[in-house]
Amino acid sequence: MRAQPRSNIIRTQVTFKSAERALIEEYASLCNLTITRYSGRSMYGQYCLGLDGDSDNDFAKFLVEVANNNVAIARDLANDLTTDNMGLGYIYYFPNIAFTGFTDENDDELGECDDCGDEYVLGSDDHDPETGICNDCTNRKAINV
Ligand SMILES: [Zn+2]
């Protein structure tokens with residue numbers, strides 16, 4: 001079999017199954033990486049799987065451990081790997097791997113506006129805690145009354 005040049009690989013959106021997510025979560029945690037919802041450059045605000053870490057070493061160990069258990073997942077990750085430097089640390093992210101089903105370990109608990117469906121951080125002053133409606137909708141209603 002001839003090796004394919006990387007540019008010819010057709011990328012599709014990957015959504016991992018729950019057992020595959022569990023594997024990623026287990027080894028990320030063992031290798032000091034934090035699962036993060038991330039939107040990189042040219043992603044137009046779309047979120048993908050991201051891993052927060054302090055060193056390339058940790059990420060390399062993670063990839064080896066994943067490959068040792070499931071080489072197909074490791075290949076998906078390796079093919080899609082993109083890196084951003086975040087001040088003190090690194091974010092390793094995978095623009096074509098959906099965040100669906102993962103939990104962002106840094107996430108605040110989110111609520112959803114009953115009117116427009118926008119998400120807001122519970123307990124913040126972005127919304128009216130009594131009505132569960134975001135400030136934008138509250139203001140719009142006040143104008144229309
Ligand atoms: Zn709203």
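Student: How far apart are the centres of domain 1 and domain 2?

Tutor: Taken over C-alpha atoms, the two centres are separated by 33 Å. Keep in mind that this is a predicted model.

Student: Which residues make up each of those domains?

Tutor: Domain 1 spans 8-98 and domain 2 spans 110-144. Those bounds come from an automatic or database domain assignment.

Student: Why do we say that β1 pairs with β2?

Tutor: Pairing takes at least two bridges found by DSSP. Five bridges join β1 to β2 (residues 48-53), so the two count as a pair. They run antiparallel, and T36 stands opposite G50 in β2.

Student: What makes β1 and β3 edge strands?

Tutor: Look at the order in this open sheet of four strands: β1-β2-β4-β3, with antiparallel pairing. β1 (34-38) and β3 (82-86) each pair on one side only. From one strand to the next, the twist averages 30 degrees.

Student: How do the axes of helix α2 and helix α3 cross?

Tutor: The axes of α2 (residues 56-69) and α3 (residues 71-80) come within 6 Å and cross at roughly 145 degrees. On the α2 side, the contact is made by L63, V66 and A67; α3 brings V71, I73, A74, L77 and A78. For a residue pair to count there, the C-beta atoms, placed from the backbone, must lie within 7 Å.

Methods. Residues numbered from 1 in each chain as written. Predicted model: local features only at pLDDT ≥ 70, side-chain atom pairs only at ≥ 80, totals over all residues. Axes fitted to C-alpha atoms, helices over the stretch in contact; angles between N-to-C directions. Contact = placed C-beta atoms within 7 Å.
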